[in-house]
Amino acid sequence: MLRYLFKRFLLILPTIFVPLILVFLLLRLSPGDPAGMMLGDQATPEQIAALRTQLGLDQPVWMQFVLWLKGILTLDLGNSIFFREPVMQIIPRYATVTILLTAVALVLAVVIGVTLGLVSAMNRNKPIDRGVVTTAVLGISLPEFWFALLLIFVFAVTLRWFPVAGYNPPDAGIIAFGATIFLPALALGVRQSALMTRMMRSSMLDVLNEPYITTARAQGLPETTVLGRYAMRTAAMPVVTVAGLSAGYMLGGAVAIEIIFALPGLGRMLVEAVGRRDYPLVEGGVLTISLVLAVLNLLIDLIYAILDPRIRYQ
Amino acid sequence: MSAHSAPMPAEIAVPPAQRRTVLEVENLSLSFRNADGLLPIVTDVSFSIRQGEAVALVGESGCGKSITASAIMGIAPENAVIGGRIVLNGQEISALGPKERRRLCGRHMGFIFQEPMTALHPTLSIGRQMTDTLKHNLGLSQSAATQRAAELLDRVGIPRARDILKGYVHELSGGMRQRVMIALAISCGPSLVIADEPTTALDVTIQAQVLDLLEDMRRELDLAMLFITHDLEVVGDFCDRAVVMYAGDVVERGESADITRRPSHPYARGLIDAVPAHDDGRTRLTPILGTVPPVGQWPEGCRFAPRCGRADEKCRTRPHLETLSHTDVRCWHPLEAGA
């Protein structure tokens, strides 16, 4: 088991570094000079040159990369060009929001998806099944931003159950936090829950045809045990895969939702930082997302290993 | 439950004269309900099994053997419509609801499947699968169930039982898997065990071992055993009586020695002639021409007539199962005994 996890850990290192190198190069190769942008239209070439030296931008690209790698290893990602504050202090503020948003969205997606998928599979070809399948297709087809606006219109503007936008951190109390996170999380999670519904349904229907389910029934085990333990154990595997992919997608794709709901998240921070040519902050943001994704993948692998003993020995 | 309480697997030798009837199947029929109405799969199956007796259900693939077994177990597909009577230990179980039927599974009836690799759960440990059953059916504690599971594995000839309990089905060989399956089937002391082609998926060398084990279990536990097979050698060596099925019907029924040595139904004869024999000097096998007609396309009258060398005009009407000198036969032109 430990050996398996160690091997998995080694495999995620490229997941972290490849996107970093790409982002580093892309930023340097794109037009626009951060020193010039920061000093504004009135700056003299001398002032710009001085700032470039200060930021290390006059060094060759490979030298900048080496210095930056050294920074990562010493946990020093430099200062944000725009905020003039260490990147290591800025990132956690924004990352917390995005990670919480994704986590709540994922929980909602899994709960909704697994429940509907099971109900659907248990009532195969009955009206309730057809209803769920149709709703799921609809859910997959709707873009998140549209669903976000719909939620705001219904629950925030018309019913006034939730605030229209804004963010309260968890320190402000669970209810205050929940009120600001629920609608964004639902908007973000609804497509994923539709995907999971379909996955859960088809995987459950497959598993119910397996001979070992007939065995469990022939042994006299009650249907709740047969479904809840014998069928779910194997049927959950594809859903775990989808949940992992969904979480990754939501982490990176929360931008639109963060902007619509005015959440101070990583996605919004990144979009703004790219616009400002704030190299250190962009790199820090991408590094953070890569790291979270890598940890997430490791978690999924761990869940696989727990669910399926055959994987541990491979 | 019924007056009969589940006997714990212990060596209780009951003299043959006192052997009671464990299973009675009377005029069992089964159809699938689909969009066009009812599709008959099994039309008229009757037989009984006494304590300590092995009865074979014989026939080619598609004759309705396995679905008959699942109807007896109460695990037939949801769209199956079942007619006739099934009586287990004096209780008419065909009249019970699904929940009561499920309660009989494991405790009173055990099932051994053809392919243990897929019939055992791939990601639950063997111990877990056995203790789940023992805890639920016998109300044992976790430790008592584990203890009992280890004893059962020991009994079916699995070495290092405690280690195997922690293992998974993919770690075992084919023969070991089927031994686990057998241990599971007998774990809660059933009086009837249904084995659906239990050796078909195994290597030839292992087949004999598994058959020996089943034979031992039957003798030791005085089990009534329904043995579904297409292997007539197994029928002759292993079973007391045999029921030959063709296209959803019982076509011949009797002592297995009579059926394997001097069958009266042309289909039973055909099955025997299609088996390679070591001693009769034949150089070629005689196959039964054609195939079992698919469900829904059964001919009127005798269903075997299109493949039968003895068929004539009379076979266009449906024959009944009638008692001849030694077996019950459904045929207008039965073979003479010994023919």
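Tutor: Helices (H or I, at least four residues) and strands (E, at least two) are DSSP runs, numbered from the N terminus. This is a predicted model: local features need pLDDT of at least 70, side-chain atom pairs count only at pLDDT 80 or more, and totals for chains, interfaces and linings use all residues. Residues are numbered from 1 along each chain as its sequence is written, while chains are lettered from A and ligands numbered from 1 in the order in which they are written.

Student: How many helices and strands does the secondary structure of chain A come to?
Tutor: Read along the sequence, chain A follows the pattern α-α-α-α-α-α-α-α-α-α-α-α-α-α. Its C-alpha trace spans about 85 × 55 × 35 Å along the principal axes. The count for chain A is 14 helices and 0 strands.

Student: What percentage of the 314 residues of chain A count as buried?
Tutor: A residue is buried if 20 or more other C-beta atoms lie within 10 Å of its own, exposed if 12 or fewer, and partly exposed in between, with C-beta atoms placed from the backbone. For chain A, the buried share is 34%.

Student: Which element of chain A gives the most residues to the side that touches chain B?
Tutor: Two residues are in contact if their C-beta atoms, placed from the backbone, lie within 7 Å, and 19 residues of chain A are in contact with 24 residues of chain B. On the side of chain A, helix 9 (211-218), helix 10 (223-253) and helix 14 (309-312) each give two or more residues. With 6 residues, the element that gives the most is helix 9 of chain A.

Student: Where is the kink in helix 7 of chain A centred?
Tutor: At 1.5 Å a residue (taken times one less than the number of residues), the 15 residues of helix 7 (residues 144-158) of chain A should span 21 Å, and the end C-alpha atoms are 20 Å apart, which agrees. The bend at a residue is the angle between axes fitted to the seven residues ending there and the seven starting there. In helix 7 of chain A there is a kink of about 30°, centred on A:Ile152.

Student: What covers the buried residues of helix 7 of chain A?
Tutor: The buried residues of this helix are A:Glu144, A:Ala148, A:Leu151 and A:Ile152. Their cover includes two helices of chain A, helix 8 (174-208) and helix 11 (255-260).

Student: What is the mean pLDDT of chain B?
Tutor: pLDDT is the predictor's confidence in each residue, from 0 to 100. In chain B, 92% of the residues reach 70 or more, and the mean is 86.

Student: How many residues of strand 3 of chain B are buried?
Tutor: On one side of the strand, B:Ala54, B:Ala56 and B:Val58 are buried, and on the other B:Val55 and B:Leu57 are buried, so that both faces are covered. In a regular strand the side chains alternate between the two faces of the sheet. Strand 3 (residues 54-58) of chain B is therefore largely enclosed by the rest of the structure, its buried residues numbering 5 of the 5.

Student: Which residue in strand 9 of chain B is the bridge partner of B:Val58?
Tutor: Two strands pair if DSSP finds at least two bridges between them. Strand 3 of chain B runs parallel to strand 8 (residues 224-229) of chain B, with 5 bridges, and there B:Val58 stands opposite B:Thr229. Strand 3 also pairs in the parallel sense with strand 9 (residues 241-246) of chain B over 4 bridges. In strand 9, the partner of B:Val58 is B:Val244.

Student: What distance separates the C-alpha atoms of B:Phe227 and B:Glu197?
Tutor: B:Phe227 is found in strand 8 of chain B and counts as buried because it has 30 C-beta neighbours inside 10 Å. Among the residues that B:Phe227 touches are B:Ala54, B:Ala195 and B:Phe238. B:Glu197 lies in the loop between strand 7 (192-196) and helix 8 (204-221) of chain B. The two residues are 30 apart along the chain, and their C-alpha atoms are separated by 7.1 Å.

Student: Is B:Asn89 buried or exposed?
Tutor: B:Asn89 is found in the loop between strand 4 (80-88) and strand 5 (91-92) of chain B. Its phi is near 50°, a positive value in a residue other than glycine. Because 23 other C-beta atoms lie within 10 Å, B:Asn89 is buried.

Note on methods: Lists of a residue's contacts leave out its neighbours within four places in sequence.
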